[in-house]
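This report is written for a reader meeting the structure for the first time. Please look over the sequence and the model shown here before reading on.

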Amino acid sequence: MNKLSIQHCSKLALKTGRIILESGGATNRVELMMKKICISLGYPDCESFVTPTGIFLSLSDGESELSTSIKRIGQRRIDLGKITEISRVVNCLETDSSPKNSHNKSEYLESELNRIDTQKPYPMWVNNVCGAATSGFFCLLFGGSWSEFGVALIVGFLVATSLKYISKLPINGFLLNALAAMLIVLIAKTIDIWVPFIRLDVIIIGGIMILVPGLQIVNAIRDTMSGDLVAGTARGVEAIIMTVGIVAGSGAMLKIWELWS
Amino acid sequence: MRPFDFLTLMQFCWAFLAILGFSLRSNLRGIRVLFTALGGGLCWASYLVILYYTESMLLSVFLAISIACIYSEIVARLMHTPVSVFVICVIIPLVPGRSLYYAMQAYIGGQSSLASKLIFDVLMISGTISIAIAVVASAVQLWIRLKADIS
C-alpha cells in the first residue's frame, strides 16, 4: 500500500487544527478531528495536546519514525461556518472506505482545506445589517418601543461597521470590547440629543448583546466537561475579561458623558 | 402577562430575528441559520412560559437552557453539524447582558448595595447557564454510551 509520508500527514492535521481553533472551535473537537485525520491517513499512533493558543501533535508509524510538531495560534475570531465545513469534510474522509490509497484521501483533504481556508466571509453589508438586526431586535425583546428599535438599528449598524475596523488594530480582546462598548454608549447618547422620549438603557443593552462572549462561555464549559482543564480555565478567564471590558468601556463612557455635559 | 398569548408570540419572533442576525454575523451558512434562530426563539419563549408558572428566575433559566440544549443536540445530529455550533447561538438571549448593564449603571450612580445584588444575579444566572449546558452534555454522553453498550 502506498503510504503517505509522516511529515505530510502531520502538516495536514495541523492545518485542520489551526483552522478550527482560529474559527473558535472547542479544543476537544480539534483533538478529535486531528485523530480522525491521522487514523484515516494511516497513522493510528498519534497523540495531541491542544490549548486555545497552540497545538502540539506527535505522530509515530509504530517503528522508527516519529514526528512532533507545534503550531502557535495567533488571531482568533468567530466563524461557525468553517467549523461546520471542516467536520463535514473529516467525517466524509472517515466514512469513505472505497479509496484504499491514502494519497487520494490526502489530495482530497488538501484541496478541501485550501478551499475552506480561503473561503470569503459574507460581504460587509450583510454583516452590518445583521449587526443592526441583532441590536434592534434585542432592544425590542427587552421591552423597547418602535422608536427605540429604530435608534438601536442605527447603533447596531454603526458599531458592526466600526468593529470591522477596530479589530484590524493590533489590540487585545479586552481593549476591543471596551472600545466597542464605549462607541455604543457614545452613539446612543449622541442620537439622544435629537430624538426625544427614548429610554437609553434598552438601546445600550441591545448594543451590548452583540458583544457578549457566548462562544467563550459555551467553549469553556464544554472543554471543562470533557476534561480539558487547561483550555476550560483559559476560556473562562477570556470570557470574564471580555465581560469586564464591556462593563468598563460602557461605564467609562457614561461617566465621561455625564462630566462633559 | 399570560403565557401562550400574542405577546409571547411577538417575543418569540424578536428572539428569532435577533438570533438570525447573530448567527449570520458568526458566518453560519445555509439552512442551519434558520434552525439556530428557531432554537433561540424556543429558548426565550420557554423561559417566559416557565417563568410565568414557577415564578423563579433561576429555575426557569435552567429549564429553558436545558430545553434549548436538548433541541440543539437533536437538530445537530440530524444536520451533521457540531453540537456546539447550535448551543453557542441558542443560549445568547439568556446571557445576562441586561443585569450586567443595570449593575454597572447602579454602581456609577452610587447605589452600591443595588449594584452588588445585580452583580450577584449576573453570577447566579451565568452559573445556572453553565450548569444546564454541562448537565445536558453529560446526560447525552451517558445516553450514547449506554446505547452502545446495549446494542
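In helix H9 of chain A, the residues Gly214(A), Leu215(A), Gln216(A), Ile217(A), Val218(A), Asn219(A), Ala220(A), Ile221(A), Arg222(A) and Asp223(A) are buried, where buried means that 20 or more other C-beta atoms, placed from the backbone, lie within 10 Å of a residue's own. The model is predicted, with local features needing pLDDT of at least 70, side-chain atom pairs counting only at pLDDT 80 or more, and totals for chains, interfaces and linings using all residues. Residues are numbered from 1 along each chain as its sequence is written, while chains are lettered from A and ligands numbered from 1 in the order in which they are written.

Helices (H or I, at least four residues) and strands (E, at least two) are DSSP runs, numbered from the N terminus. At 1.5 Å a residue, counted for one less than the number of residues, the twelve residues of H9(A) should span 16 Å, which agrees with the 17 Å between its end C-alpha atoms.

Between the chains, the contact takes 44 residues from chain A and 39 residues from chain B. The largest share of chain A's side, ten residues, comes from H5(A). Chain A as a whole has ten helices and three strands, and buried residues make up 46% of its 261 residues.

Notes: A residue is buried if 20 or more other C-beta atoms lie within 10 Å of its own, exposed if 12 or fewer, and partly exposed in between; C-beta atoms are placed from the backbone. Two residues are in contact if their C-beta atoms, placed from the backbone, lie within 7 Å.
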